[in-house]
Amino acid sequence: MVTQITAVPKLYIGIDIHKRSWKVHCATDLFSGKSFSMDPNPEQLKDYVDRHFADHEVVTAYEAGCCGYSAHRCFESYGWSSLVVNPADIHR
């Protein structure tokens, strides 16, 4: 019997975006995830995801704020689903 994958694994990324650094939290359907800090560079996050979660569908979310929408546009260009949300709606 051959096993077939019927659902694409999903990676959820929450980002606290600041001018000098990003605080990133990654979680999947199977584990609650890992948090780390990184330089504010979308390409660096893409490299991390490609290295560790190559076969996952990616969903990102971050707070709307003074840093604008350039990260959102980059994430969308990678084929990721990206949400820019109201800071008051984010659970701590």
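Q: What makes a residue a contact of Ser82, and which residues does Ser82 touch?
A: Contact means heavy atoms within 4.5 Å, and by that cut-off Ser82 touches Thr60, His72, Phe75 and Glu76, leaving aside residues up to four places away in sequence. This is a predicted model, in which local features need pLDDT of at least 70 and side-chain atom pairs count only at pLDDT 80 or more, while totals for chains, interfaces and linings use all residues. Residues are numbered from 1 along each chain as its sequence is written, and side-chain values use heavy atoms, with hydrogens and water left out.

Q: Why is Ser82 called buried?
A: Buried means under 20% relative accessible area, exposed over 50%, and partly exposed in between, using a 1.4 Å probe and protein chains only; Ser82 has 8%, and is therefore buried.

Q: What makes the link between the side chains of Ser82 and His72 a polar contact?
A: A polar contact is a pair of N or O atoms within 3.5 Å, where within protein one must be able to donate a hydrogen and the other to accept it, and residues adjacent in sequence count only if both atoms are side-chain atoms. The polar contact between the side chains of Ser82 and His72 is 2.9 Å.

Q: How do you know that strand S4 and S5 pair?
A: Strands are DSSP runs (E, at least two residues), numbered from the N terminus, and two strands pair if DSSP finds at least two bridges between them. Strand S4 (residues 57–63) and S5 have five bridges, in the parallel sense, and Ala61 stands opposite Leu83 in S5. Ser82 also lies in strand S5.

Conventions
Helix = DSSP H or I, 4+ residues; strand = E, 2+ residues; numbered from the N terminus.
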